[in-house]
Amino acid sequence: MDCADPRIEAFFSGPSPWRQELAALRPILAGSGLTEDFKWRSPVYTFGGANVAILWGFRDHAALGFFKGVLLKDDAGLLVAPGKNSRSSRLIKFTAPDEVRRLEPAIRDFIRRAIDIEKAGRKVDLPGDDLAYPEELIERLDGDPALRTAFAALTPGRRRGYVPHFLQAKQPATRLSRIARCAPKILAGKGFGER
């Protein structure tokens, strides 16, 4: 695969306990008609400019994620949500290169169906901002018009990234501290996990 972005090559050649698994996934994706790009510190595979799949190396597994995975039919139960707040993405976890080889037909089928979803223009039907904001956030937004405007301008996914972080704090003082630490990123239009 001809790669114009050196960050992609660095991802695949860099230190990772999952280098073999990720390397085994790459040619499957490369031969699928998707374009290889680099976003969010990972290889992302797109179709017609739309994000379709992403590769990750986590602490305890490698993963192939599908951005609209919730729309993929999965009779074998291979796809799992990345986290409890995940609404649309789904992934397949790998801990050995032979798992990639064994699941290659299913992987190719998921990729083909994910491309079909993009060709059809299907969208994941997500309810509006359905998270209950902590009282401390509401008060801070009410008292800081610039922060309120910046928070409202964030995409729903970016807002959803902040709210669980704030809610996980048990003490109001800790929630306030977290909100204060995140305010500069919110004002800059960045999501919780963005740098």
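Trainee: Which residues does arginine 90 touch, not counting residues up to four places away in sequence?

Mentor: Contact means heavy atoms within 4.5 Å. By that rule arginine 90 touches Leu64, Gly65, Phe66, Gly69, Val70, Leu79, Val80, Ala81 and Pro82, with residues up to four places away in sequence left out. Before going on, note that this is a predicted model, in which local features need pLDDT of at least 70 and side-chain atom pairs count only at pLDDT 80 or more, while totals for chains, interfaces and linings use all residues. Residues are numbered from 1 along each chain as its sequence is written, and side-chain values use heavy atoms, with hydrogens and water left out.

Trainee: Where does arginine 90 lie?

Mentor: Helices (H or I, at least four residues) and strands (E, at least two) are DSSP runs, numbered from the N terminus. Arginine 90 lies in strand E5.

Trainee: What is the nearest side chain of opposite charge to arginine 90, and how far away is it?

Mentor: Lys and Arg count as positive and Asp and Glu as negative, while His and the chain ends are not counted. A salt bridge is a side-chain nitrogen of Lys or Arg within 4 Å of a carboxyl oxygen of Asp or Glu. Buried means under 20% relative accessible area, exposed over 50%, and partly exposed in between (1.4 Å probe, protein chains only). Arginine 90 is buried yet has no salt bridge, and the nearest side chain of opposite charge, aspartate 74, is 7.7 Å away.

Trainee: How many salt bridges does a search of the whole structure find?

Mentor: The search finds twelve. One of them joins arginine 7 to aspartate 5, with the closest N and O atoms 2.7 Å apart. Arginine 7 counts as partly exposed because its relative accessibility is 45%, whereas aspartate 5, at 16%, counts as buried.

Trainee: Why are arginine 113 and aspartate 109 separated by about one helical turn?

Mentor: They are four residues apart in helix H3 (residues 97-119), so about one helical turn separates them. A network of salt bridges links Asp109, Arg112, Arg113 and Asp116.

Trainee: What is the N to O distance in the salt bridge of arginine 158 and glutamate 194?

Mentor: The distance is 2.6 Å. This pair links distant parts of the chain, 36 residues apart: arginine 158 is in helix H6 (residues 156-167), and glutamate 194 is in the segment after helix H7 (172-187).

Trainee: Which residues touch the most other members of the largest nonpolar core?

Mentor: A nonpolar core is a set of buried Ala, Val, Leu, Ile, Met, Phe, Trp, Tyr and Cys residues joined through side-chain atoms within 4.5 Å. In the largest, which has 29 residues, Leu64, Phe66, Phe94 and Ile107 touch the most other members. Helix H3 gives the most to this core, with eight residues. Apart from it lies another core of 13 residues, among them Leu147, Leu154, Phe166 and Ala183.

Trainee: How many bridges join strand E1 to E2?

Mentor: Two strands pair if DSSP finds at least two bridges between them. E1 (residues 35-39) and E2 run antiparallel and are joined by five bridges. In this pair, aspartate 37 has valine 44 in E2 as its bridge partner. E2 also pairs with E3 in the antiparallel sense, over four bridges. Five of the six residues of E2 (residues 42-47) are buried, so this strand is largely enclosed by the rest of the structure.
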